[in-house]
Amino acid sequence: MTIDLLITGARVRTFDPAMPWAGAVGIEGDRIAFVGAATDAPAARRTIDATGRLVTPGVIDSHNHLLLGFDADAVSLEGAHDLVEVRRRIAEFGGRRPELDWVCAENAVYSIVGGRRPNAADLDGLTERPIFVTTYDQHSVWLNRAALRALGIADGGDIPWGRPERDARTGEPTGWVTDFYTSAMTEAGLAALQRDIPMYSPERRYRKLCASMRMATSLGITTVVEPQVPLAELGLFSRASNEGRLSSRVIAALFHPVGADAAFRAQLREAVDSARADDRLRLGPVKLYADDVIEPHTALMLEDYANRPGARGRPSYPGRELVGVIGELDRLGFQTHTHATGDGGIRLALDAIEQAARSNGTRDRRHGIVHVECLHPDDLPRFRELGVTAAMQPRHCSPDLVAGTWMENVGDERWDRAWRFRSLLESGATVAFSSDWQVGEMDPLVGLYSAATRAGLDGSAAWTAGERVGVDRSLEAYTVHGARAWHLEHSLGRIAPGMLADLAVWSGDLTAHDRDPAALLDEHAELTIVGGEVVYSAGGVVEALGPADLDPVAVAGGAADGHVHDH
């Protein structure tokens, strides 16, 4: 037998219990045809010598906002940790781009101004144009005075894509808007954003989707779960598929807004049932919110915030309405993907899932809870018991992101509840690692480093060391657990004969860096293969194939468009 492609010379981490490690992997068509010792490998039409590399199943990024990306016509505030730097970047960009009606910026951190949230006055003097700034987690927006006037907020008006914060004494808007992302993707919220804020035009959103897609493929990611797709933007994914832009597989989770009724759920069911068969695009999961986020004190907590007595946040749905919504979606055959960060929000989501299974008599839906940032000890075993996936982001626990806001809001007495990767894995729960791009870097190597260190990217300020997870176990969470989370364990997540040939070839042996996790940040994805096709090459191991063998959407010779972590 002669197969299409043989990768040899590498260490192959299969995650197949029958053969955990191998020396070669062979591909025929879109499937894996051989796994074993290089000396036993069949003849191949093409051979890749991957000596010194590690081959793993392709990464399954279970929570990656492809539609957010980075916008070339907006200011990136990544790495800007004080008001002086934020103002400098916005002023510089505004001066360089006088043709833009709005000055938009992305990725602001909450702790820009010490001891309080930023306000409109902090943006005075930069430009006469409206300024629109999103936070790094997309849950809050910061506006200047011109934007408050342009949107009617200054005159007492409301907006359909968030809750404008007003001064408790004067009633005047502060320039801060909460509940942004939960409201922005509703039909009314998205329509208003597309009308008023240039960054949300369909064409700019499509450019972000395509750039994020190329980046994912360049980082060894072979399946991406886009966790929040409004029905109105499904066409962007269909367009990308028709134009051959989906270089990796995409699972699109449809967004269920708060207040949506049975008629809307029927629309969701129709959208999924009528979707055409597509090897690269699949619909099905439904995105919900149990609460908001901890940094602005809007996540639901079981006890008061440490620095705000009497405040416990709030659920996204009134009371326990979420229980009924998840029950109805479960009855309709949907798998849910529910955002919950506070320990109260997580408990509410677990209660809803437990009640749904009991009421409907359903089994093995594999509902998921996303983020799981602050987990009460009593709720930890419920993930395994209920078959609930914890879709978690290792980078989110890094002190350079959460010090000064998350840590202080929760209080050190509850830090042992923070991002309990290791405890959940050891309990037997499915823990699907992901990036939450562009809230965090998309690069899974950053995720591996963060899980192994619980430190900032510069290695400083490590915390909660008992929840560290080694490299091999983290790779398993990105592959085996990612496949299991989406009912794909029979085709993805392992390297074994008959499985789909979705593979990542890494520049070095990642598993050798357990003692020095910082070395992970010097590695990169050398080759990405989806369904047997080489869709990305960094230019190292693949020269022997020649450019004619690369898939037309491959990103050859370096980084994809958009932001990639600077190794």
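Helices (H or I, at least four residues) and strands (E, at least two) are DSSP runs, numbered from the N terminus. By that assignment, the protein chain has 16 helices and 23 strands. This is a predicted model, in which local features need pLDDT of at least 70, side-chain atom pairs count only at pLDDT 80 or more, and totals for chains, interfaces and linings use all residues. Residues are numbered from 1 along each chain as its sequence is written, and side-chain values use heavy atoms, with hydrogens and water left out.

I turn to the overall form. The radius of gyration, taken over C-alpha atoms, is 23 Å. Of the 567 residues, 62% are buried, that is, under 20% relative accessible area with a 1.4 Å probe, protein chains only.

Let us now consider the backbone. Most residues other than glycine have a negative phi, and most peptide bonds are trans. Trp437 and Gln438, however, are joined by a cis peptide bond, with omega about 0°. Gln438 is found in the loop between strand S19 (431-433) and helix H14 (444-453).

Which phi does Trp419 have, positive or negative? Trp419 has a positive phi of about 40°, and lies in the loop between helix H12 (406-410) and helix H13 (421-427). Trp419 counts as buried because its relative accessibility is 0%. Arg454, in the loop between H14 and helix H15 (471-478), has a positive phi of about 55°. Arg454 is likewise buried, at 0% relative accessibility.

How values were computed: The radius of gyration is taken over C-alpha atoms; the globule rule is 2.2 Å times the number of residues to the power 0.38. Buried means under 20% relative accessible area, exposed over 50%, partly exposed in between (1.4 Å probe, protein chains only).
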